[in-house]
Amino acid sequence: MSDAILSLKNVATDIAQYHILHDVSFDVPRGKVTMLLGRNGAGKTTTLRTVMGLWAARAGQVMFNGEDIAAQPPARIARKGLAIVPEDMGIFGDLTVQENMALAAVSGPIAADRLELIFTAFPPLKTFWDMPAGNLSGGQKQMLAVARAMAEDRQLYLIDEPSKGLAPAIVSTLVWAMKSLKGAGASILMVEQNFAMARALGDYAAVMDDGRIVWTGTMDELANDTALQENLMGLSMEVA
Amino acid sequence: MSQAPDHAPTMQRLNLVQRITPFVPALLVPLIALLGLLFIPSGSSWLTLTVSGLAMGMMIFIMAAGLTLIFGLMDVINFGHGAFISVGAFVGVTVLLLVPGMTAAPSVGLNLVAVGLAVIAAMLATGVMGVVFERVIVRPVYGAHLKQILITVGGLIVIEQLIHVFWGPDEIFLTRPETLKGAITFAGAALEKYRLLAVGVGLVVFLAMRHVLRHTKLGLIVRAGVENGEMVQALGYDIKRVFVLVFVAGSALAGLGGVMWALYQEVITAHMGGQMLILVFIVIIIGGLGSVEGCFIGALMVGLLQNYTAFLVPKLALVSNIGLMMLILMWRPQGMIPVVKAK
């Protein structure tokens with residue numbers, strides 16, 4: 001891959017006494033969607049958190065736009081143009097939807113056209129603008145989590161299982177929003193267990209197992225090779 | 001751009017109980033006052049005790065408000081907070097003793113200037129002390145509760161001993177400024193002037209804190225940080241810098257509380273902060289860790305209950321607040337208005 005916005009080089013991460021990531025290396029191409037796939041416990045979430053600085057890498061380099069950000073605190077990493085949508089969504093339930101969005105706009109109020117885009121993608125957020133975010137449904141919280149990441153221009157989005165537990169209609173909305181982001185030139189590194197969504201969005205894929213990258217390639221290669229899918233993940237996308 | 005897929009927004013409608021529940025803690029303060037009115041035979045005694053209880057509650061709130069945010073933001077248990085109360089009292093009283101002409105004059109203006117100078121000196125001293133305490137004692141033990149308890153208790157003891165070194169081992173007596181002595185009579189009840197002032201100051205501090213927390217970006221970051229500090233960092237805010245700010249503000253407020261408590265009791269000792277810490281922790285726990293509103297309500301409940309009980313059953317006064325804490329925790333194990341998630 002020629003122009004990588006993010007490159008992990010031999011990254012190792014420990015959580016307490018456990019070695020979770022071992023020698024993880026892969027690239028995220030600029031302007032593309034890279035899916036991070038693998039079984040439960042493979043190390044996908046740890047990889048995203050390590051990139052964001054929420055867990056410190058013990059070894060290796062996390063190169064973002066050519067700069068090693070591995071030892072930097074999360075706030076500084078975020079201000080370089082990364083946004084994370086965590087698996088638990090990270091919604092501030094006691095704050096209103098509006099306050100959640102205001103907090104996401106680090107450099108000032110959200111631009112009107114951007115807010116319009118967000119409301120177009122996620123109408124419930126406009127409806128419940130002044131309501132505590134804790135009262136939203138699971139799907140609406142996920143919309144807010146993604147919308148929050150969209151509040152300002154970001155170069156790379158780290159998105160962890162956005163479709164988890166959501167109804168198909170809401171998943172369609174999220175897919176539409178991700179495509180909008182991609183259309184605007186953003187790069188996305190996404191963990192996703194919903195293979196239909198992964199296939200709909202992904203340009204590239206990296207497969208993890210036991211804290212290691214075991215395969216990288218295009219999404220099409222993976223999607224069209226059932227034997228490879230079963231070999232890497234123990235099941236095929238067709239079955240899923 | 002293509003149209004987003006249709007999605008009909010719905011939100012679960014809250015039933016009556018769910019709508020009332022958030023307001024229940026705030027109703028407990030008038031409920032305790034009403035219970036007091038039922039049991040205290042004289043209306044004027046009840047009014048005197050109520051003002052006294054509210055004044056006490058306001059002072060405890062001022063001492064506790066910073067500590068609850070400190071815990072909420074960074075999960076730091078700071079037993080050294082009592083030292084800021086003591087140091088604030090000693091610095092403030094020292095200033096008051098340096099301006100006897102102003103405190104003895106029968107002039108409201110001069111008296112308030114003297115108290116104002118004492119408060120500014122106390123808050124500056126404890127604010128600076130807060131910076132040093134956070135950097136030297138608290139920062140090395142982030143995330144380690146047992147170490148936090150041990151080292152902050154150690155810090156409290158060291159500072160109490162330093163107070164002995166600088167001010168001597170004896171308690172210091174003081175008298176309130178001239179125009180803050182005595183009481184006014186209202187509806188047959190004697191209401192101490194100083195207690196009325198304390199109620200006013202406490203209200204101003206509460207409303208100012210609420211304004212900052214509800215209507216400024218800094219307040220938004222603090223409220224979000226109390227709920228989920230990691231996510232605040234991931235959004236691009238340096239939560240540790242915000243924590244230092246809150247720590248300093250909380251220390252300065254403890255200093256203010258120390259001066260006010262000194263003028264209330266008219267005597268100060270190096271251990272007064274440590275002794276107040278018990279009430280401060282009770283208020284924080286029943287209010288809900290990290291909640292300024294909960295802390296405010298809890299402080300008023302503690303103040304009122306202690307005054308009513310001391311009047312009705314003096315022997316129970318000391319345990320009344322422990323009993324209140326037990327009842328609240330049986331009803332809401334995370335406190336009345338929990339903000340910090342169980343850890």
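Visitor: In which loop of chain A does A:Gln72 lie?

Guide: A:Gln72 sits in the loop between strand E5 (67-68) and helix H2 (74-79) of chain A, where helices (H or I, at least four residues) and strands (E, at least two) are DSSP runs numbered from the N terminus. This is a predicted model, in which local features need pLDDT of at least 70 and side-chain atom pairs count only at pLDDT 80 or more, while totals for chains, interfaces and linings use all residues. Residues are numbered from 1 along each chain as its sequence is written, chains are lettered from A and ligands numbered from 1 in the order in which they are written, and side-chain values use heavy atoms, with hydrogens and water left out.

Visitor: Is A:Gln72 buried or exposed?

Guide: With a relative accessible area of 13%, A:Gln72 is buried, a class that means under 20%, against over 50% for exposed and in between for partly exposed (1.4 Å probe, protein chains only). Leaving aside residues up to four places away in sequence, A:Gln72 touches A:Gly53, A:Glu67, A:Ile77 and A:Lys80, contact being heavy atoms within 4.5 Å. The side chains of A:Gln72 and A:Glu67 also make a polar contact at 3.1 Å, that is, a pair of N or O atoms within 3.5 Å; within protein, one must be able to donate a hydrogen and the other to accept it, and residues adjacent in sequence count only if both atoms are side-chain atoms.

Visitor: What is phi of A:Asn65 near?

Guide: Most residues other than glycine have a negative phi. Phi of A:Asn65, however, is positive, near 50°, and this residue belongs to the loop between strand E4 (57-64) and E5 of chain A. A:Asp23, likewise not a glycine, has a positive phi of about 55°, and is found in strand E2 (residues 18-29) of chain A.

Visitor: How many residues of chain B are in contact with chain A?

Guide: The size of an interface is often given as the accessible area lost when the parts come together. Here 28 residues of chain B are in contact with 39 residues of chain A, and the area buried between the two chains is about 2,900 Å², 64% of it from carbon and sulfur atoms; this is the accessible area (1.4 Å probe) that two parts lose on being put together, summed over both. Nine residue pairs, both at pLDDT 80 or more, are in polar contact between chain B and chain A. Helix H9 (residues 217-235) of chain B gives the largest share of the side of chain B that touches chain A, 13 residues.

Visitor: How many salt bridges does the rule find across the interface of chain B and chain A?

Guide: Side chains of opposite charge can pair when their charged atoms come close. The rule, a side-chain nitrogen of Lys or Arg within 4 Å of a carboxyl oxygen of Asp or Glu, finds two salt bridges across this interface. One of them joins B:Glu230 and A:Arg49 at 2.5 Å, N to O; B:Glu230 counts as partly exposed because its relative accessibility is 33%, whereas A:Arg49, at 14%, counts as buried.

Visitor: Which residue forms a salt bridge with B:Arg139?

Guide: The partner of B:Arg139 is B:Glu134, with the closest N and O atoms 2.9 Å apart. B:Glu134 counts as buried at 1% relative accessibility, while B:Arg139, at 32%, counts as partly exposed.
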